[in-house]
Amino acid sequence: MVVLVLGGFLGGMALGARQGRLGAEKEFYGGELKNIENIPEYLSKDINFNLFWDVWNVAKNDYVHQPVRDTELFYGALAGIISSLGDPYSVFFDPETAADFKQELEGTFSGIGAELGIKKNQLTIIAPLPDTPAERAGLKAGDQILAIDGRDTTDMALDYAVSIIRGEKGTDVTLSVWREGWDKMKDFKITRDKIEVASVKWEMKKDIAYIEINHFNEDTSRRFNQAVMDLLAKTPKGIILDLRNNPGGFLNTAVEIAGEWILNDVVVIEQKDDGKKNEERSEGLARLQNLKTVVLVNQGSASASEIVAGALQDYGKATLVGEKTFGKGSVQNLEPLPDGSAVKITVAEWLTPKGRLIDKEGIVPDIEISLTEEDYNADRDPQLDKAIEIINDQSQ
């Protein structure tokens, strides 16, 4: 379950810790379609797999630019199978792309350092990562990318958009961006760089502990555990957990983080299409359960961030401040394949412990406060200011 990164593929979702089992290899000579109600007539017919080879041979023999490699047709066909599901978060990764994806989950990648999502059918910046080319160029959560190097992004697949924005360190990419309130789009020319992300940062703001989590990746649990031990030694009177512009990551990491507030209880519910549900329960020590907590969220908070925020809100463990979250509440499993390729496929939806649907709905904060462009340019943070005010008021 992961959010796609504009330098790789960490994008608006959280990635399941479990890995799917590969099915046995089969030979296909024909088949029968199921669930044929309300579909075009041609989709209700039995499958004639010879048609696949007819198309293969046309592409192989008749395409103007020869030679056509069998491997390109093969991997293109595999990608087409997953693309036909019509789900922007289900993606086939060829071996090279799968390796890049794995590298990003480890916290390093090459690109511009921003996450992409599809919102209202438009390619959208979910969040620029801190201290990256994307942030330094001025990109913001919610920016709509209308073109990439002049190429229209209308109906462009999410993984393809990521692949053409990625590139070698030192090379440039130009994004044509529209932002709410603008009269016309603006071009951002951005130089790609190596991106390294420390997923957890913390500091004391007087007597309040401030923790920022940028991703839920492989090092997050370790870093967060160390932060908790260090901040408890400072005996803070409250905690601010900043999940703004956090696109998500591993599901099990989100459950572990929530377990520092929620003791042995449900953190998130996975709901299958057939209605079956699976509860993910916390196993943490709940070391922070008695500390006043405020969680900061915005439209760049997605996936695993929404799991943590929604769970803490449901149990009354925290006050949520900021803006409505992104609304990425589907579960993806990563299926590794023998040749190094992989399939990331949506298998379920997430519900908060009280049964609230996250996908397309998002999490509405208890106190809604916007951070305007004027605030941003003036280095003001009214959301953080409100969080500090809440903890100070509750502590009196």
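Colleagues, a word on the basis first. The model is predicted: local features need pLDDT of at least 70, side-chain atom pairs count only at pLDDT 80 or more, and totals for chains, interfaces and linings use all residues. Residues are numbered from 1 along each chain as its sequence is written, and side-chain values use heavy atoms, with hydrogens and water left out.

I begin with the interior. A nonpolar core here is a set of buried Ala, Val, Leu, Ile, Met, Phe, Trp, Tyr and Cys residues joined through side-chain atoms within 4.5 Å. Buried stands for under 20% relative accessible area, exposed for over 50%, and partly exposed for what lies in between, with a 1.4 Å probe and protein chains only. The largest such core has 38 residues, and I213, F224, L241, W261 and V295 touch the most other members. Which elements give two or more residues to this core? They are the strands β15 (208–213), β16 (238–242), β17 (266–271), β19 (292–297) and β22 (342–351), together with the helices α6 (220–232), α7 (251–258) and α8 (304–314). Helix α8 supplies the largest share, six residues. Helices (H or I, at least four residues) and strands (E, at least two) are DSSP runs, numbered from the N terminus.

L241 illustrates the packing. Leaving aside residues up to four places away in sequence, L241 touches I211, I213, F224, W261, V294, V295, L296 and V308, where contact means heavy atoms within 4.5 Å. There is also a second, separate core of 25 residues, and L123, F188, I190 and F326 are among its members.

I turn to strand β22, which has several partners. Two strands pair if DSSP finds at least two bridges between them. With β21 (residues 330–336), β22 pairs in the antiparallel sense over seven bridges. In this pairing, E335 has V343 of β22 as its bridge partner. The hairpin of β21 and β22 has five residues between the strands, and G340 takes a positive phi near 95° there. Strand β5 (residues 91–93) is joined to β22 by three bridges, again antiparallel, and F92 stands opposite V343. Strand β17 likewise runs antiparallel to β22, with three bridges, and E270 stands opposite W350.

Next, the aromatic residues. Rings of Phe, Tyr and Trp (its six-membered ring) pair if their centres lie within 6.5 Å; planes under 30 degrees apart count as stacked, over 60 as edge-to-face and the rest as tilted. By this rule there are nine aromatic pairs. One of them joins F52 and W56, a tilted pair at 6.0 Å centre to centre, with 40° between the planes. Why are F52 and W56 separated by about one helical turn? They are four residues apart in helix α1 (residues 50–62). F52 is partly exposed at 31% relative accessibility, whereas W56 is buried at 15%. Ring pairs also link F49, F52, W53 and W56 into a cluster.

Two lysines lie over tyrosine rings. A charge sits over a ring if NZ of Lys or CZ of Arg is within 6 Å of the ring centre and within 35 degrees of the ring normal. The charged end of K205 sits over Y210, 4.9 Å from the ring centre, and K328 lies over the face of Y89 at 4.7 Å.

Finally, the salt bridges. The structure holds 18, each being a side-chain nitrogen of Lys or Arg within 4 Å of a carboxyl oxygen of Asp or Glu. In one, the closest N and O atoms of D172 and K189 are 3.8 Å apart. D172 lies in strand β11 (residues 172–178) and K189 in strand β12 (residues 186–191), so the pair ties together parts 17 residues apart in sequence. D172 is partly exposed at 36% relative accessibility, while K189 is exposed at 63%.

R287 and E260 meet in another salt bridge, at 2.7 Å from N to O. R287 belongs to the loop between β18 (277–281) and β19, and E260 to the loop between α7 and β17, 27 residues apart. Is E260 buried or exposed? E260 is buried, with a relative accessible area of 8%, and R287 is partly exposed at 25%.

E279 and R281 form a salt bridge as well, with closest N and O atoms 3.7 Å apart. Both E279, at 46%, and R281, at 38%, count as partly exposed. Lastly, salt bridges with shared partners join D242, R244 and D381 into one network.
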